[in-house]
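Take a moment with the sequence and the model below. Then follow the chain step by step.

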Amino acid sequence: MALQIYTPSYLANTVYHRHSLFPKPKFSIKSKKPTVDADPTPDPTSSSKKAVVPGQGFGSSPSPSSGSNKKKPKGKRERASIIRRSPVEKPAFLTKEEEAKAEEQGKNESAFLLAWLGLGGIILVQGIVLAASGFLPEEWDKFFVKYLYPSFTPTVILFLAGTVAYGVLKYLENEKLKDQK
């Protein structure tokens with residue numbers, strides 16, 4: 001095989017730069033020897049060769065159920081059968097008493113978390129007020145230092161201790177549920 005590049009004659013003696021003003025060179029590939037596998041005249045009577053449908057691309061094969069001359073519209077596929085499953089339901093092993101107990105526990109837990117959120121808000125406001133007390137008038141600064149500053153550290157310690165206790169309690173409840181299963 002030989003690769004021949006044809007360039008315009010006015011570019012043959014000059015430096016060629018790729019630019020939109022210059023035409024692109026034309027390539028042609030020529031073979032001097034015929035290949036061994038090439039059969040110039042296919043035998044239409046041979047039944048051992050498969051009929052090739054042009055334009056199907058890689059991985060495509062004509063399915064026996066649909067005609068080989070039929071082409072499916074692009075982007076449309078046959079869908080597999082859809083299997084409907086029943087929706088997930090609550091486990092039936094819970095009794096009415098256990099459901100009522102779980103609902104009451106959920107309400108108590110929500111009230112506790114709401115109170116803890118309020119305590120966190122109080123700590124946030126206390127911290128901002130203590131940080132800004134140096135910029136406030138002298139009387140306000142003395143008031144905050146006398147009453148607010150001594151209560152800030154115990155409030156933060158109470159918040160941290162309660163948060164840790166709540167986390168440990170939920171962890172133990174989760175472990176207890178895993179052991180029951």
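How close do the axes of H1 and helix H2 come, and at what angle do they cross? This is a predicted model, and in it the two axes come within 9 Å. They cross at roughly 150 degrees. Angles over 145 degrees count as roughly antiparallel, so H1 and H2 are roughly antiparallel to each other. The crossing of H1 and H2 is left-handed. By class, the contact between H1 and H2 has 15 nonpolar residues, eight polar ones and three charged ones.

Now step back to the whole protein. Its secondary structure comes to two helices and two strands. Read from the N terminus, the order is β-β-α-α. Helix H1 takes in residues 96–132, and helix H2 takes in residues 138–180. Of the 181 residues in the protein, 6% are buried. Consider next the contacts between residues at least 6 apart in sequence: 50% of them join residues at least 24 apart.

Two residues give a view of the details. Start with Gln126, which lies in helix H1. Is Gln126 buried or exposed? Its relative accessibility is 10%. Buried means under 20%, so Gln126 counts as buried. Which residues does Gln126 touch, leaving aside its neighbours within four places in sequence? Gln126 is in contact with Leu148, Ser151, Phe152 and Thr155.

Move on to Phe144, whose place is in helix H2. Phe144 has a relative accessible area of 16%, so this residue is buried too. Again leave aside the neighbours within four places in sequence. Phe144 is then in contact with Val129, Leu130, Ser133, Leu136 and Tyr149. Take Leu130 from that list: Phe144 and Leu130 are 14 residues apart in sequence. In space they are 7.0 Å apart, C-alpha to C-alpha.

Finally, return to the helix pair. H1 and H2 are roughly antiparallel, with a left-handed crossing.

Definitions and conventions
Residues are numbered from 1 along each chain as its sequence is written. This is a predicted model: local features need pLDDT of at least 70, side-chain atom pairs count only at pLDDT 80 or more; totals for chains, interfaces and linings use all residues. Side-chain values use heavy atoms; hydrogens and water are left out. Helices (H or I, at least four residues) and strands (E, at least two) are DSSP runs, numbered from the N terminus. Buried means under 20% relative accessible area, exposed over 50%, partly exposed in between (1.4 Å probe, protein chains only). Contact means heavy atoms within 4.5 Å. Axes are lines fitted to C-alpha atoms, for helices over the stretch in contact, and angles run from 0 to 180 degrees between N-to-C directions. Angles under 35 degrees count as roughly parallel, over 145 as roughly antiparallel, 65 to 115 as roughly perpendicular and the rest as oblique. A crossing is left-handed if the near helix is turned anticlockwise from the far one by less than a right angle, and right-handed if clockwise. Ala, Val, Leu, Ile, Met, Phe, Trp, Tyr, Cys and Pro count as nonpolar, Asp, Glu, Lys and Arg as charged, and the others, Gly among them, as polar.
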